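Visitor: I have a model open and would like to learn how to read its features. Could you walk me through it?

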Amino acid sequence: MKWSPTLWYTLDNNVLSLEQRKFYEENGFLVIKNLVSDADIQRFRVEFEKICRQESKPVGLMIMRDVSIAKSEYSPSEKIISKIQDFQEDKELFRFCTLPEILKYVECFTGPNIMAMHAMLINKPPDTGKKTSRHPLHQDLYYFPFRPSNRIVCAWTAMEHIDRKNGCLAVLPGTHKLPLMPHDYPQWEGGVNSMYHGIQDYDKDHARVHLVMEKGDTVFFHPLLIHGSGRNQTQGFRKSISCHFASANCHYIDVKGTVQENIEKEFLGKADRLYGTESGLNFKDIWMFRGRLVKGERITL
């Protein structure tokens with residue numbers, strides 16, 4: 001697969017139409033309808049519920065809860081878990097990252113040698129009234145110490161109907177053409193979830209698109225695209241499953257002295273608490289542990 005001198009963000013392929021490529025080039029995202037089957041999504045839901053009930057305990061899994069929910073409020077169930085990430089050791093959930101229908105599209109952005117770098121299942125809870133179920137506007141590249149950004153893409157699949165009522169994704173089309181911006185915790189009265197940094201200074205008049213999606217719909221988007229999600233104003237839990245993929249030809253960078261130094265310090269602080277006060281890990285180590293080759297051959301990442 002080759003890069004075209006007139007198309008910067010997609011590679012020559014026989015999967016995307018020219019119209020789809022141009023849309024992604026201009027907007028930084030592309031929705032593919034009904035890509036993941038109901039059967040696969042049901043299997044992911046069942047495994048997630050097992051994790052919530054502590055019947056399944058994958059190695060390395062990070063389990064997160066909404067900042068507004070007290071630990072003792074519920075017995076182990078989906079009601080206390082708002083997100084799980086780093087499920088690369090869970091064979092059932094990691095199947096999402098290896099689905100041929102997903103990788104077929106991923107290859108249009110990364111090329112044939114594909115690494116799965118960051119996998120999540122988000123279980124956005126009903127908002128408690130403190131608006132903590134929101135996710136501030138951000139760029140995903142802020143969390144990644146590898147480049148080039150144009151060979152990274154996220155595949156984000158709706159596990160049920162998602163709209164503005166239950167907190168769909170909001171994207172700012174075309175912002176993938178902007179540089180990586182400074183991020184930090186927003187000053188929200190109700191509180192902000194751990195590591196939910198947001199862009200502090202962006203064009204608030206920039207047009208937004210709210211992605212209303214049906215179960216199985218999948219959006220592919222660039223890591224510099226500014227996006228976030230609103231609060232869940234329903235009584236149900238809004239589920240999605242996603243993975244960030246990168247070309248195995250990508251390389252790691254040192255984020256010291258950059259806008260990413262802030263998040264690096266927080267990552268390393270969590271690693272020290274998890275593995276010991278002198279774990280000796282660095283930002284590169286953390287991402288090397290996460291990355292899994294899912295297609296082709298590993299080159300440099």
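**Reading the model together**

Guide: Gladly, and keep in mind that this is a predicted model. Let's start with Thr-10, which counts as buried because its relative accessible area is 0%, under the 20% cut-off. Thr-10 is part of strand S2 (residues 7–11).

Visitor: Which side chain does Thr-10 join in a polar contact?

Guide: That of Arg-21, at 2.8 Å.

Visitor: How should I read a nonpolar core, and which residues have the most contacts inside the largest one?

Guide: The general idea is that nonpolar side chains tend to be buried together in soluble globular proteins. Here the largest nonpolar core has 40 residues, and those with the most contacts inside it are Ile-84, Phe-87, Phe-96, Cys-97, Ile-102, Phe-220 and Phe-245. Several elements each supply at least two residues, among them helix H2 (38–52), helix H3 (91–98) and strand S16 (238–247). The largest share, six residues, is from H4. A second, separate core of 25 residues includes Phe-146, Leu-180, Val-255 and Leu-301.

Visitor: What is the order of strands in the open sheet?

Guide: The order is S7-S15-S10-S13, four strands with antiparallel pairing. At the edges, strand S7 (135–138) and strand S13 (209–210) each pair on one side only. Strands S10 (residues 169–171) and S15 (residues 227–229) are joined by three bridges, and Leu-169 has Ser-229 in S15 as its bridge partner.

Visitor: Where does Val-219 sit, and which residues does it touch?

Guide: Val-219 belongs to strand S14 (residues 218–221). With a relative accessible area of 1%, Val-219 is buried. Beyond its sequence neighbours up to four places away, Val-219 touches residues including Phe-29, Val-31, Trp-156, Leu-169 and Met-213.

Visitor: How many aromatic pairs are there, and what is the geometry of Phe-146 with Tyr-252?

Guide: The structure holds 12 aromatic pairs. Phe-146 and Tyr-252 are edge-to-face, 6.2 Å centre to centre with 90 degrees between the planes. This pair links distant parts of the chain, with Phe-146 in strand S8 (residues 146–147) and Tyr-252 in strand S17 (residues 251–252), 106 residues apart. Phe-146 counts as buried at 1% relative accessibility, and Tyr-252 is buried at 16%. Phe-146 also forms an edge-to-face pair with Trp-287, at 5.9 Å and 75 degrees. Trp-287 lies in helix H6 (residues 283–290), 141 residues from Phe-146.

Visitor: Which charged end sits over the ring of Trp-287?

Guide: That of Arg-290, 4.3 Å from the ring centre. Elsewhere, Lys-204 lies over the face of Tyr-202, at 4.6 Å from the ring centre.

Technical notes
Residues are numbered from 1 along each chain as its sequence is written. This is a predicted model: local features need pLDDT of at least 70, side-chain atom pairs count only at pLDDT 80 or more; totals for chains, interfaces and linings use all residues. Side-chain values use heavy atoms; hydrogens and water are left out. Buried means under 20% relative accessible area, exposed over 50%, partly exposed in between (1.4 Å probe, protein chains only). A polar contact is a pair of N or O atoms within 3.5 Å; within protein, one must be able to donate a hydrogen and the other to accept it, and residues adjacent in sequence count only if both atoms are side-chain atoms. Two strands pair if DSSP finds at least two bridges between them. A nonpolar core is a set of buried Ala, Val, Leu, Ile, Met, Phe, Trp, Tyr and Cys residues joined through side-chain atoms within 4.5 Å. Contact means heavy atoms within 4.5 Å. Rings of Phe, Tyr and Trp (its six-membered ring) pair if their centres lie within 6.5 Å; planes under 30 degrees apart count as stacked, over 60 as edge-to-face and the rest as tilted. A charge sits over a ring if NZ of Lys or CZ of Arg is within 6 Å of the ring centre and within 35 degrees of the ring normal.
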